[in-house]
Amino acid sequence: MKKMHSLSSYLLLLISLTTIASATTIGVTYSTPASISGTAQLSPDRIAEKVVSMNIPAVRLLDSNPAMIRAFAYTNVSLFLSVPNPLVPLLASNRSLAMRWVYRHVLPFYPRTKISIISVGNDVISYSPDVSPFLLRAMQNVHLSLVDLRIFKISVSTTFSFFNIVPTAFPPSSAQFQQPNGEVIIRPILQFLERTNSSFLINLYPYNMYRSSFSIPIGFALFEEFPFNFRDDLTTGVRYRNLFDMMVDAVISSMAVMGHENLPVIVAETGWPSSGIDASEVDATLLYSEMFLKALLTHLRSGTGTPLRKEGVSEVYIFELVEKDAKQGIRNWGLLHHNMTSKYSFEFSDGGKVRRFKELLIGFFVQVVMLYLLM
């Protein structure tokens with residue numbers, strides 16, 4: 001009996017270690033840039049090779065270029081595809097057009113190319129508010145098209161922007177989706193996501209939140225560890241030590257108000273610009289961008305999650321892989337220069353070191369348990 005009790009304890013610890021090992025997947029976004037003066041257009045194959053060499057496990061393709069989807073065939077890179085906003089009403093009104101989109105962007109490549117999720121529209125409420133009423137029907141038609149083709153492992157969702165759906169981020173426990181979009185647009189979509197085992201997708205930028213409020217110190221946005229660098233949610237007693245977690249929990253609280261607190265959350269875009277639109281953006285610097293990215297990656301790889309969700313967000317996509325044309329009036333977010341060299345002194349990927357360490361730890365623990373059982 002004592003041995004069985006000890007075995008149960010070991011198994012519980014093993015389950016705990018396995019849970020820790022499944023840390024957040026950290027990917028990047030990519031969109032095919034317009035031709036940049038004096039530079040050659042980057043080929044899809046070159047982009048795919050660079051992503052693989054950087055050990056990046058997932059890429060969000062903002063324009064879902066079929067040539068780019070093909071370039072990732074037979075790699076271990078998971079793709080997050082996007083349906084452009086102007087197509088949403090068409091896919092909503094005509095099921096055959098939804099099937100045609102799937103035939104063009106999914107069927108020729110899957111499963112040789114690992115496609116994990118399709119976002120029907122991106123921040124439609126902000127950029128194309130007249131398209132919003134068509135979102136759910138378009139999502140349903142794309143989902144049904146996949147089912148008709150017996151493709152069950154690609155989920156369908158849509159991407160929202162934090163600033164356009166969550167008016168108040170603090171305290172997170174009091175956050176709610178902005179009305180009337182919350183009831184009219186978001187609630188039915190949450191029900192769809194629950195039924196189809198999909199995820200809630202959100203573009204979430206601590207940089208924008210920091211710029212919008214003078215009360216947020218720069219260190220809180222950059223994950224800096226200072227003795228008084230925190231905010232307390234007095235309703236829940238939860239202490240927040242960085243702005244990213246606070247914003248994620250505001251989304252989770254907003255979903256909970258509508259009865260969907262357990263939906264997985266994917267951060268479809270986040271980052272910190274290395275240059276701003278004009279001289280007024282004094283905090284859009286290469287230094288702060290590097291500080292934010294390094295700290296975010298460390299935080300996500302730690303597996304600590306957020307105060308309201310210990311498992312954290314399932315995936316996070318850094319905006320973006322390659323910088324756009326560096327000219328006045330454009331923020332730069334890229335991890336790489338136009339010539340594909342890194343802008344930063346740190347490595348985006350840890351090369352799987354954390355994962356391998358945890359796998360070794362679990363393997364060692366399994367051997368100990370087996371030896372114990374044979375004694």
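Rings of Phe, Tyr and Trp (for Trp, the six-membered ring) pair if their centres lie within 6.5 Å, and the planes count as stacked when under 30 degrees apart, edge-to-face when over 60 and tilted for the rest. By this rule, Tyr205, Tyr207, Tyr210, Phe223, Phe244, Trp272, Phe292, Phe319 and Trp333 are linked by ring pairs into a cluster. The model is predicted, so local features need pLDDT of at least 70 and side-chain atom pairs count only at pLDDT 80 or more, while totals for chains, interfaces and linings use all residues. Residues are numbered from 1 along each chain as its sequence is written, and side-chain values use heavy atoms, with hydrogens and water left out.

**Aromatic pairs**

- The search of the whole structure finds 14 aromatic pairs.
- One of them is the tilted pair of Phe177 and Phe200, with 5.8 Å centre to centre and 40 degrees between the planes.
- Phe177 lies in the loop between helix H8 (162–165) and helix H9 (181–195), and Phe200 lies in strand E6 (residues 200–203), so this pair ties together parts that are 23 residues apart in sequence.
- Helices (H or I, at least four residues) and strands (E, at least two) are DSSP runs, numbered from the N terminus.
- Phe177 is buried, with a relative accessible area of 4%, and Phe200 is buried at 1%.
- Buried means under 20% relative accessible area, exposed means over 50%, and partly exposed is in between (1.4 Å probe, protein chains only).
- Tyr210 and Trp272 form a tilted pair, at 6.0 Å centre to centre and 35 degrees between the planes.
- Tyr210 belongs to helix H10 (residues 206–212) and Trp272 to the loop between strand E9 (265–270) and helix H13 (286–301), so the pair ties together parts that are 62 residues apart in sequence.
- Tyr210 and Trp272 are both buried.

**Charge over a ring**

- Arg231 lies over the face of Phe170, 5.0 Å from the ring centre.
- The criterion is NZ of Lys or CZ of Arg within 6 Å of the ring centre and within 35 degrees of the ring normal.

- In strand E5 (residues 155–161), 7 of the 7 residues are buried.
- Side chains in a regular strand alternate between the two faces of the sheet.
- Ser155, Ser157, Thr159 and Ser161 point one way from E5, and Val156, Thr158 and Phe160 point the other way.
- Strand E4 (residues 114–122) pairs with E5 in the parallel sense over 4 bridges, where pairing requires at least two DSSP bridges between two strands.
- Ser119 stands opposite Ser157 in E5.
- E5 also pairs with E6 in the parallel sense, over 3 bridges, and the bridge partner of Phe160 in E6 is Ile202.
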